[in-house]
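These are my notebook entries on a structure that I had not examined before. I set down what I looked up, entry by entry.

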Amino acid sequence: LETDHGPVEIQLGTASDVTVQVRTTSGVVTCTMPGLHYAGQACTGMLQAGRGQLQVRTVSGSATLGPLP
């Protein structure tokens, strides 16, 4: 998923089997998903065996990644 200025909000279940890369050029990334590494304007890591792939990139939009309630 790629966006220039729009916000992105993603919620993943605890059984998700995915490699994650969420990043922004000048926006804000908020990552509250256990098991992922959060560093400034990026959130990366692997859940389970990482069989799937989730890539999110924004230019100036915000990106939020967290667990399902």
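In which sense do β4 and β8 pair, and over how many bridges? I found that β4 and β8 pair in the parallel sense, over three bridges. Strands are DSSP runs (E, at least two residues), numbered from the N terminus, and two strands pair if DSSP finds at least two bridges between them.

Basis. I note that this is a predicted model, in which local features need pLDDT of at least 70, side-chain atom pairs count only at pLDDT 80 or more, and totals for chains, interfaces and linings use all residues. Residues are numbered from 1 along each chain as its sequence is written, and side-chain values use heavy atoms, with hydrogens and water left out.

Sheet. I looked up the strand order and found an open sheet of three strands, β2-β8-β4, with parallel pairing. Its edge strands, β2 and β4, each pair on one side only. In the pair β4 and β8, T30 stands opposite T64 of β8.

T24. I placed T24 in strand β3. A polar atom of its side chain lies 2.9 Å from the backbone nitrogen of G27.

Methods:
Helices (H or I, at least four residues) and strands (E, at least two) are DSSP runs, numbered from the N terminus. A polar contact is a pair of N or O atoms within 3.5 Å; within protein, one must be able to donate a hydrogen and the other to accept it, and residues adjacent in sequence count only if both atoms are side-chain atoms.
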